[in-house]
Amino acid sequence: MVVRRMNNFAKLMEKHDLMNFIERCAKCSYCLEDPISHKPICPSTEYFHFASHRPSGRLELARALIGLYDNVEFSLNMEEVVNKFYSCTLCAACDYKCKELTGKSPLSVFMEVRKELVNSNVAPPPEHRLLLNNILEHGNPQGAPREKRNERILNSINNPHHLSKNASMLYFVGCVPAYSNNLPSHASNMVKILMKTDTEFRVLPDEPCCSHVLIKTGQEDLIIDQMREAFEKVDSAGVERVLFTCPACYRAFKYEYPKLLGVEPDFECITASEFLYELYNEGKLSLDGKAKQGEEIIVTYHDPCHLGRQSGIYEQPRRILELIKGLKLVEMPRNRETSWCCGVGGGVKTAFPEFSKKTGEERLNEALSVGASLLVTACPACESGFIDALKTYEGKNNLKILDIVDVIAQRLP
Ligand code: SF4
Ligand code: SF4
């Protein structure tokens, strides 16, 4: 499909004050490298090797799309343009670095372009259209049966008094923990911790999908009503707090809905990492159960992009791991703000599975390079992606992948 440049982009970019930046990207490559380890931080640059897969290359393409080359007649192959904009994990590593240097956000440009490509009917890739259809039809991107959403949770509750209708906290489970085949116990592990610490909680009988993946794939305008419904369902529960083990769901409620729907949550959004650390500080959660005498497992922590760079939560999961008896925390060369992505985000796992897998493998190699036998993350999507990437090694290493929730649940006295 070949079309002329699309001048309607210009208005959009002006509206978001992004035009100025698109014109001025210095192509300095500051966004490509971790300044301490000198390792690369942009997965799409590393995997595809083309200039058009660099952050600056995408900005050049945006420049072409909005018709900034005024006196030049040219055409763009829109299939290729779509391909370039969607083969990015939206990990925000470039965004962090560029903001540090220029105060500008390349990620905002990528997101706005994706949205406009969708609104111009040339995107998203077919795999992402399927996510939309599945959410509309089944209430989850996997297309799994709606009625099975709470099965894992309900099967793991052995004392119904914890599941109180009057509880002031709601556990928002999320589609990945509810349905992922390779994460059968993530949600039930969270429930195990809640019960062990005598925390009353509720779950929604008809929990909706947060649609975060559709926001990321530029399809937000097609799902506004469903997002509003999701927000209202949670809001009308009347709880003080909503607990999220999935950072994408957390981001949807805390940051995206207020921006897209103009709503102000009446409840506090809290991630599992923050909540677990709070439980520990209140003396409700013991972290030294089940450590064998003399046992020392080398553990490293992977910062999920949605939790770290995009929500600013870096320390709580590390403090928890440091406090657990029998674990020794070592850092990977790329950590915190310049952490390497797991390869799952931005819809990449669905539309570009090989790129996603290689990106995950790179992180597993980094964990192995620091001698870790346990790689811990705080995001079920990262965990699931790593578990898939680990299959490449066919048992040739002894690396284990766990979420922070699983680590604690396994060590409960
Ligand atoms: S996006 Fe920012 S950091 Fe990257 S090349 Fe352009 S100006 Fe430099
Ligand atoms: S968001 Fe991540 S994958 Fe995309 S261009 Fe930036 S660093 Fe590269």
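How do the residues of the shell around ligand 1 divide into nonpolar, polar and charged?

1. The shell around ligand 1 divides into 10 nonpolar, three polar and two charged residues. In this scheme Ala, Val, Leu, Ile, Met, Phe, Trp, Tyr, Cys and Pro count as nonpolar, Asp, Glu, Lys and Arg as charged, and the others, Gly among them, as polar.

2. The model is a predicted one, in which local features need pLDDT of at least 70 and side-chain atom pairs count only at pLDDT 80 or more, while totals for chains, interfaces and linings use all residues. Residues are numbered from 1 along each chain as its sequence is written, and chains are lettered from A and ligands numbered from 1 in the order in which they are written.

3. Ligand 1 is surrounded by 15 residues, of which Cys-25, Cys-28, Tyr-30, Cys-31 and Cys-98 are the closest (a residue is near a molecule if its C-beta atom, placed from the backbone, lies within 6 Å of it). At least two residues of this shell come from each of α4 (55–65) and α6 (93–102); α6 supplies the largest share, five residues. Helices are DSSP runs (H or I, at least four residues), numbered from the N terminus.

4. The protein chain comprises domain 1 (2–119), domain 2 (126–281) and domain 3 (297–410), with bounds from an automatic or database domain assignment. Between the C-alpha centres of domain 2 and domain 3 the distance is 22 Å.

5. Contact between these two domains involves 31 residues of domain 2 and 29 residues of domain 3 (C-beta atoms, placed from the backbone, within 7 Å). On the side of domain 2 that touches domain 3, α15 gives the most, with six residues. That side holds 15 nonpolar, 11 polar and five charged residues.
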